Amino acid sequence: MIKNERWFHSPSTVSVARAIGKVTFSEVIRDKILYNVILCAFVLFFMGFFASRLNFLHPERIVLDFGLLTVNLSCSMIAILIGAGLIPKEFERRTIYVALSRPISKQQFVFGKFVGLMLVLVLNWCLQCLSYLVLLSLSSETLVSGFSWTLTWALFFVLIQSMMLGCIAILFSTFTTTSLSIVFTLGFYLIGNSISQLRLLGTRLQSGMGRAVMEGAAAVLPNFEHFNLGYKVTYGLPLERSLVGLSTLYGFFVIALCLALAGLLIRRREI
Amino acid sequence: MGTVLDVIGVDYEFRSGFWMRRKKVLSSVSLSVPENSVFGFLGANGAGKTSLIHLMTGLRKPSEGKVLVFGYEAQTAVARSKVGYLPERPYFHDHLTAEGVLKYYGALAGMSRAQVRERIPNILSIVGMDHAKNVELRHCSKGMLQRVGIAQAMIHHPEILILDEPMSGLDPIGRKEIRELIVHLASEGRTIFFSSHVIPDVESICDQVAWIQKGKVMGCGPIGSFLAQGPLRTEIAFSGPKLEQWSQFPEFISIRKNSEGLRGTVEGQVGVDRVLFQLMQEKAKILWVTPIRMSLEDLFTKSTEQQKEETYDKK
């Protein structure tokens, strides 16, 4: 007769997230999309570096600005392109069936996938930051003059923003296809980086209804402008502590909200 | 004997198509799986086998009725911790090794790392995969994947194993190996529920059987009760002198020659007694006496044909 050793307790969210996160991470680092985006980032880095060589006045500003943009684009694209495919891939390949037959909830599963994506984003972010700093040091004297706390926070904000985008992509992917999730998240990314333009458009509209819609959209859509410190980094402007704290809190709030919504939506999704 | 899994008056429907129309897949399904039994679940493709299995594993919720695992609703965590599930096409993350898969699903079942580490060598040797524990699944054959699938289903010592078409897509040797593995697991006292559309697979290893057709359970119970149905016929093969006279013997409902002598079919116990008595009188050499029972296949085919006729009559 078999020994009836039993594990009646449900696994904790931490252990589920660890297990799913690890498998997701090891799966994503084999994904060709990741390497294509990283390769594009390196090409952009070097383009910025060579462009700075052509400038006599402030070459460090070009490296700073171009480099930060590259880190931002690379992290955001990885978050969107990989995040949008994580859940649908599980359904397509039916790997979710066995996972959900275990005593775990769908919300825990989504959280685990997010943890895996987060690990990939952190790894890519570290790699990009390192390349960025190496490039800054290669442009003579620029590492000293260019490196500042503003730059450190700007890089940190890039990471937060990419996590937010990853969460939004996961949220969309719980109820639509991978391609539509990518399109929607890209839309959010573009609009979220132009919230002030949206507000400006609202003030210029004649119709009250149109104005209300624009203002409502500006209030509801995630505002990525809070995380865009490119201007301040380029010109070495100081950063208020309150902005850092509030932006970080805002970022974590959006992440939590998106994960909660994704959990709610996937609960209703038919397997 | 108690039951470990009860399906009580279950209806299941899902929405499909552009207009999300409801489609009924299961209708008033009821069955019970006794403890320590090997339960075969038969049905043609599209009959509703996988849908019912998804309800049993808590992946889906019935529209009506209840599915209970040890008295707990199948969707609860307690019920799911008692079930080991092998899906029809056991797709796993193919970058993982057999060991990696077991670690993953063990953790999801709530086992600690130490418990998983201790269990892996044992479970891999049961399914005969200990030699390939570090092979990535993308390099594994279908039979090996099936074994890994069964191993992950058993990693957390479930009290019932639910296997969805465990022998599908395997070659004859693979089928035989999986059949033997199921028999071995059952001999250790596990309750095994498995679906198949291949009747001989079910017939050879199950002690309980149910079959489903167009979402309705057509029959359910011990396999013997189905096999005992229909008239008892016996095949008697013999050789000896004066073979020609036997073709006229009234007890034989059919008779034919073979290389060793004659093979005749007799109906009923009385007929068998008479023929055997006569053969012994004539000093014939009896080669074999084999009862011919109605096979599950016959029953299944008969039931399918009956349903087709009923549908035709209604039209």
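Leaving aside its neighbours within four places in sequence, which residues is B:Leu5 in contact with? Before I answer, let me say that this is a predicted model, in which local features need pLDDT of at least 70 and side-chain atom pairs count only at pLDDT 80 or more, while totals for chains, interfaces and linings use all residues. Residues are numbered from 1 along each chain as its sequence is written, chains are lettered from A and ligands numbered from 1 in the order in which they are written, and side-chain values use heavy atoms, with hydrogens and water left out.

Taking contact as heavy atoms within 4.5 Å, B:Leu5 meets B:Leu31, B:Ser32, B:Val33, B:Met56, B:Val67, B:Leu68, B:Val69, B:Ile160 and B:Ile162. B:Leu5 and B:Leu31 also touch the most other members of the largest nonpolar core, which has 151 residues. By such a core I mean buried Ala, Val, Leu, Ile, Met, Phe, Trp, Tyr and Cys residues joined through side-chain atoms within 4.5 Å, where buried is under 20% relative accessible area, exposed over 50% and partly exposed in between, with a 1.4 Å probe and protein chains only. Helix 7 of chain A, residues 149-173, gives the most to this core, with 16 residues; helices (H or I, at least four residues) and strands (E, at least two) are DSSP runs, numbered from the N terminus. A second, separate core of 12 residues includes B:Ile236, B:Phe249, B:Val275 and B:Ala284.

Now to the backbone. B:Lys283, in the loop between helix 9 (268-281) and strand 14 (285-292) of chain B, has a positive phi of about 60° although it is not a glycine, and B:Lys283 counts as exposed because its relative accessibility is 70%.
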